[in-house]
Amino acid sequence: MERLRKLRATPVIRKMVRENHLRTEELIYPIFVIEGQNICNPVDSMPGICQYSLDRLPEELDRVMEAKISSVLLFGIPLHKDEVGSGAYHENGIVQSAIRYIKSKEKYRDLVVIADVCLCEYTSHGHCGLVRNGVILNDETLPLLAKTAVSYAKAGADMVAPSDMMDKRVGAIREALDRSGFLSVPIMAYSAKFASAFYGPFRDAAHSAPGFGDRKTYQMDPANGREAMREVEEDILEGADFIIAKPAMAYMDIIRNIHTDYNIPIVAYNVSGEYSMVKAAALNGWIEEKKVVMELLIGLKRAGAKMIITYHALDAARWLEEE
Ligand code: PBG
């Protein structure tokens, strides 16, 4: 009979046998950029998270640099929305402008800027694709997603991350990027994205709640793990360079299964509702925030995630540095 406690006897031995590690460069920090001036709007349901107008963005970017975070994921909140989400692919759209700003500053030059590609923040109906007679259209949406991705790449985005869940969008985006000469811009695809109530606080932050119905005709049923693997396979065939699994905590089996079956970097998206739950409990003094966050993040690594998109990134980076 083995006495496994031998390997837990001292901090040094525990460190020696530690199987998984979290590194700062594996953290991706989401940032909300909003059209307008002098805005630093706290998001009520996400304590610590704000929407920033471009002129206030440097405050947040400086915190990112100081924490030695390598990468940010940009979401845009436009002033005007329309039926076809034209703000998403406008040359001077909010995300395009934010990317150009970041890339124009020497001190942010090495920051990896990932642009989320979706229409929901830009459409008046709040859906991720075009709508006709209450139906979310698939193939008609693809050219707009492709156009959005290309305009982000033109602005200087290092990667694009389609989160819309239309069928065939990865292929359409890859083809459009290649045709426009952006052969080396990777696609970080939200492949296993579930229709989740955990996105609630994000929709407050990004003003992107659907105006009617829900997203169940395009995002996945939380009951379906095997189907997620078909989504992943399809996206890899279409040219995905990274696979995002989302949400993270209630979907760790999905992360593990992708890790077992595919040789591709997996990104776990620790979404807004997961963040808010932890924050709410921590603010009430019910849990120890640092320990809980680090345990959740290492759990995602253990499940098979290579990188983690998380609103805790600034704190986590600081805690990693302290260790
Ligand atoms: C846009 C998008 C959403 C999230 C990321 N991209 C919202 C949604 O699908 O409704 C959610 C992120 C989060 O909850 O942190 N399609």
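**Reading a buried glutamate, a core and a helix pair**

Modeller: Glutamate 60 is buried in this predicted model, with a relative accessible area of 4%.

Colleague: In which helix does glutamate 60 lie?

Modeller: Glutamate 60 belongs to helix α2, which covers residues 57-66.

Colleague: Which residues is glutamate 60 in contact with, leaving aside its neighbours within four places in sequence?

Modeller: With those neighbours set aside, the contacts of glutamate 60 are Tyr29, Ile31, Tyr52 and Leu314.

Colleague: How should I read a nonpolar core, and which residues touch the most other members of the largest one?

Modeller: The general idea is that nonpolar side chains tend to be buried together in soluble globular proteins. Here the largest nonpolar core has 115 residues, and Ile31 and Met188 touch the most other members. Helix α4 (residues 142-155) gives the most to this core, with 9 residues.

Colleague: What does methionine 188 touch, not counting residues up to four places away in sequence?

Modeller: On that count, methionine 188 touches Ile28, Ile114, Met159, Val160, Ala161, Pro162, Phe242, Ile244, Val267 and Met307.

Colleague: How do I read the angle at which the axes of α10 and α11 cross?

Modeller: An angle of 65 to 115 degrees counts as roughly perpendicular. The axes of α10 (residues 289-303) and α11 (residues 313-322) cross at roughly 95 degrees and come within 11 Å, so the two helices are roughly perpendicular to each other.

Colleague: Which residues of α10 and α11 meet?

Modeller: From α10 there are Glu289, Lys290, Val293, Met294 and Leu297, and these meet Asp315, Ala316, Trp319, Leu320 and Glu322 of α11. The residues of this contact divide into 6 nonpolar, 4 charged and no polar.

Terms used. Residues numbered from 1 in each chain as written. Predicted model: local features only at pLDDT ≥ 70, side-chain atom pairs only at ≥ 80, totals over all residues. Heavy atoms only, no water. Axes fitted to C-alpha atoms, helices over the stretch in contact; angles between N-to-C directions. Helix = DSSP H or I, 4+ residues; strand = E, 2+ residues; numbered from the N terminus. Parallel < 35°, antiparallel > 145°, perpendicular 65-115°, else oblique. Contact = heavy atoms within 4.5 Å. Nonpolar A, V, L, I, M, F, W, Y, C, P; charged D, E, K, R; others polar. Core = buried A, V, L, I, M, F, W, Y, C linked by side-chain atoms within 4.5 Å. Buried < 20%, exposed > 50% of the residue type's maximum accessible area, 1.4 Å probe, protein only.
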